[in-house]
Amino acid sequence: MAEKTFKLEIISPTKVVFKGDVISISLPGVMGGFQVLYNHAPILAEIDIGEIKIRKPDESEEYFATSGGYVDVVDNNVLVLTETVERPIEIDIARAENAKERALKKLSQVRIESDRIIAKVELERALNRLRIAERRR
């Protein structure tokens, strides 16, 4: 029996990144990762820095790096609003490596806790982008 699908839209501030039917989406929730399937209960949740994974009706999978946002699930319609979102092929590896090095340098030099928190988030974003970039096919 074919798996049931639902409508998914992933939107960044600058573009619609994905729009179509999917079997599932896995998201990095701020309280832990979670998956949405057909007939999921309504939910509005915040997502964190991490990987978004979708499974399409043809069983192929697609991955995205995100730096956070929100997901809204209602009546088999899922809307993901992201701060940033990139496919593995769109990630500039050199830029992500530079961001990682800048964040590590900043972490070694900061003395104010708020600056340390910002540097940790910058490092987490860079490492996430590098991790997702490894999924290039």
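Is Glu-51 buried, partly exposed or exposed? With a relative accessibility of 27%, Glu-51 counts as partly exposed. The legends below describe views of a predicted model.

**Figure 1. Overview of the chain.** The predicted chain contains two helices and ten strands. The C-alpha atoms fill a box of roughly 55 × 30 × 25 Å along the principal axes. Of the 137 residues, 38% count as buried. Among contacts with a separation of 6 or more, 53% are between residues 24 or more positions apart. The accessible surface comes to about 8,200 Å², and carbon and sulfur atoms make up 52% of this area.

Figure 2. Glu-51 and Arg-135 form a salt bridge, with their closest N and O atoms 2.7 Å apart. Glu-51 belongs to strand E6 and Arg-135 to the segment after H2, so this pair ties together parts that are 84 residues apart in sequence. Arg-135 has a relative accessible area of 33% and is therefore partly exposed. Arg-135 also lies over the face of Tyr-63, at 3.8 Å from the ring centre. A search of the whole structure for aromatic pairs finds zero.

**Figure 3. The salt bridge between Glu-62 and Arg-87.** The closest N and O atoms of Glu-62 and Arg-87 are 2.4 Å apart in this salt bridge. Glu-62 lies in strand E7, while Arg-87 is in the loop between E10 and H1, so the pair ties together parts that are 25 residues apart in sequence. Glu-62 is buried because its relative accessible area is 12%, under the 20% cut-off. Arg-87, with a relative accessible area of 23%, is partly exposed.

**Figure 4. Helix H2 and its buried residues.** Helix H2 covers residues 113-133 and has 21 residues. From its first C-alpha to its last, H2 reaches 30 Å, close to the 30 Å expected at 1.5 Å a residue. The buried residues of H2 are Ala-119, Leu-123, Ala-126, Asn-128, Arg-129, Leu-130, Ile-132 and Ala-133. The buried residues of H2 pack against strands E6 (50-55), E7 (61-66) and E10 (85-86), and against helix H1 (93-109).

Figure 5. The side chains of Arg-116 and Glu-113 meet in a salt bridge, at 3.6 Å from N to O. Arg-116 and Glu-113 are three residues apart in helix H2, which means that about one helical turn separates them. An α-helix has 3.6 residues a turn, so residues three or four places apart point the same way. Arg-116 counts as partly exposed at 25% relative accessibility, and Glu-113 counts as partly exposed at 48%.

**Figure 6. The loop residue Asn-76.** Asn-76 lies in the loop between strand E8 (69-74) and strand E9 (77-82). Why does Asn-76 count as buried? Asn-76 counts as buried because its relative accessibility is 18%, under the 20% cut-off. Leaving aside neighbours within four places in sequence, Asn-76 is in contact with Phe-6, Lys-7, Tyr-38, Asn-39 and His-40. The C-alpha atoms of Asn-76 and Thr-5 are separated by 8.0 Å, and these residues are 71 residues apart along the chain.

**Figure 7. A network of salt bridges.** Salt bridges link Glu-3, Arg-55 and Glu-59 in a network. The count of salt bridges comes to twelve.

Note on methods: Residues numbered from 1 in each chain as written. Predicted model: local features only at pLDDT ≥ 70, side-chain atom pairs only at ≥ 80, totals over all residues. Heavy atoms only, no water. Helix = DSSP H or I, 4+ residues; strand = E, 2+ residues; numbered from the N terminus. Buried < 20%, exposed > 50% of the residue type's maximum accessible area, 1.4 Å probe, protein only. Contact = heavy atoms within 4.5 Å. Phe/Tyr/Trp six-rings, centres within 6.5 Å; stacked < 30°, edge-to-face > 60°. Lys NZ or Arg CZ within 6 Å of the ring centre and 35° of its normal. Expected span 1.5 Å × (residues − 1). Salt bridge = Lys/Arg side-chain N within 4 Å of Asp/Glu carboxyl O. Areas by Shrake-Rupley, 256 points an atom, 1.4 Å probe, with all protein chains shown as cover.
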